[in-house]
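The sequence and the structure come first.

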Amino acid sequence: MIATKAYAAQSATAPLGPWNIERREPGPHDVQIEISYCGVCHSDIHQVRDEWGGSIYPMVPGHEIVGRITKVGDHVTRFKVGDLAGIGCFVDSCRVCDPCKAGEEQYCAEGNASTYNGYEMDRKTLTYGGYSTSIVVDEKYTLKVSDKLPLEGVAPLLCAGITTYSPLRHWKVGKGHKVAVLGLGGLGHMAVKLAASFGAEVTMLSTSPSKEADARKLGAHHFALITDKDVMKSLRSKFDFIINTISAPHEYNTYLKLLTINGVMIVLGIPPEPSQVPAFNLIMGRKSVAGSMIGGIRETQEMLDYCAEHNIASDVEVINIEDINTAYERMMKGDVKYRFVIDIASLKK
Ligand code: NAP
Ligand code: ZN
Ligand code: ZN
């Protein structure tokens, strides 16, 4: 076994602190990665605080992982020692169900092995995430990372990047579309960058007046405060798509009014409490509320390659591991520009 330093939550109410875990020795198809950076996703907070139910402790969060390969199994063909590599939100899946065969392992019929707060496919071995110094994963579930972009800015692509890229591609969002992005945090800022890069006209909808200048720098053509009733009225029936990344409980109905006929609100945010949607708010205008979850391995690689080619990385604030609890508090206040990323060197000290 490989002794590995980590940071863990011991319960839903305890702050995260140092904890030691063991990784398996790499099997024939595994790679061992020395982690350089790990992004901090709002899903980490939801799960650490057991806001979705069913959390398993001690929990080592983190599913936006980049680092370098330090060891490969005998049958590994795609990676060699020294290569950059990335791990996203899952580390295995059943491999034989229809979604897995279609490359949509995020929707594995058996339930995939989530990178943390879950079990390997043996359903016995707990998984631990990227707030740690190393990880061992089958090469099939490991992504190739280019050296063209700053590594700390690549880490968040493994969740925030693919979670926004996948629905934008699925709904073929591009030139001629008016897209609103709701919530300017980790997912929101990647949604703005990618939707603008695909040619859409992007409006940032935010609660934070202080984020306007940044939203425009990220590529938004317009900015509107959702707290301003007059502005919200002026935006009625304006958007083909709304990418909803809000993490806190909120009313979908407020935003459905902003959709044009046939408009789609794509829900990405996972607040702990549901929103009710009356039938009238959908049938009037043939509107849809849809959802999307991360992306499969093939599409995640496609996204990483697209971002490397188009010079798209996440805008990050790099923190040391001991600042993680403060980072969570700041994210709860929407005070994030626009992804916290842990420098894992701070965990090795
Ligand atoms: P984040 O960085 O904390 O950003 C969330 C943003 O939402 C905030 O910065 C804020 O932006 C806005 N917001 C927060 N509370 C709000 C409220 N009460 N009303 C309106 N806006 C509010 O979070 P994230 O990492 O981007 O994650 C966002 C959500 O997506 C989380 O629920 C997460 O679990 C989920 N998620 C889903 C998937 C998936 O596969 N579908 C993948 C990853 C994450 P403003 O300051 O601009 O208002
Ligand atoms: Zn995430
Ligand atoms: Zn499957």
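## Glycine 67

Gly 67 is buried, its relative accessible area being 0%. The model is a predicted one, and in it Gly 67 belongs to strand E4, which covers residues 65-72. Gly 67 counts as buried because its 0% falls under the 20% cut-off in relative accessible area.

What is Gly 67 in contact with, leaving aside its neighbours within four places in sequence? The contacts are Ile 33, Glu 34, Ile 35 and Ser 36, together with Asp 83, Leu 84 and Ala 85.

## Threonine 203

Thr 203 is a residue of strand E11, which runs over residues 201-206. Thr 203 has a relative accessible area of 6%, so with the limit for buried set at under 20% it is classed as buried.

Not counting residues up to four places away in sequence, Thr 203 touches Val 179, Ala 180 and Val 181, and also His 222 and Phe 239.

## Division into domains

The protein chain is split into two parts. Domain 1 is made of residues 2-159 + 315-348, and domain 2 of residues 161-291. Between the C-alpha centres of domain 1 and domain 2 the distance is 28 Å.

## The boundary between the domains

At the boundary, 14 residues of domain 1 are in contact with 16 residues of domain 2. The two domains bury about 1300 Å² between them, and carbon and sulfur atoms give 54% of that area. On the domain 1 side, Cys 159, Asp 315 and Tyr 338 supply 42% of the area buried against domain 2, more than any other three residues.

How many salt bridges are there between domain 1 and domain 2? The count is 2. Asp 315, already named for its share of the buried area, forms a salt bridge with Lys 193, and the closest N and O atoms of this pair are 2.6 Å apart.

Polar contacts between domain 1 and domain 2 amount to 12 residue pairs. Sorted by class, the side of domain 1 that touches domain 2 has 7 nonpolar, 3 polar and 4 charged residues.

Methods. Residues are numbered from 1 along each chain as its sequence is written. Chains are lettered from A and ligands numbered from 1 in the order in which they are written. This is a predicted model: local features need pLDDT of at least 70, side-chain atom pairs count only at pLDDT 80 or more; totals for chains, interfaces and linings use all residues. Side-chain values use heavy atoms; hydrogens and water are left out. Helices (H or I, at least four residues) and strands (E, at least two) are DSSP runs, numbered from the N terminus. Buried means under 20% relative accessible area, exposed over 50%, partly exposed in between (1.4 Å probe, protein chains only). Contact means heavy atoms within 4.5 Å. Domain bounds come from an automatic or database domain assignment. Buried area is the accessible area (1.4 Å probe) that two parts lose on being put together, summed over both. A salt bridge is a side-chain nitrogen of Lys or Arg within 4 Å of a carboxyl oxygen of Asp or Glu. A polar contact is a pair of N or O atoms within 3.5 Å; within protein, one must be able to donate a hydrogen and the other to accept it, and residues adjacent in sequence count only if both atoms are side-chain atoms. Ala, Val, Leu, Ile, Met, Phe, Trp, Tyr, Cys and Pro count as nonpolar, Asp, Glu, Lys and Arg as charged, and the others, Gly among them, as polar.
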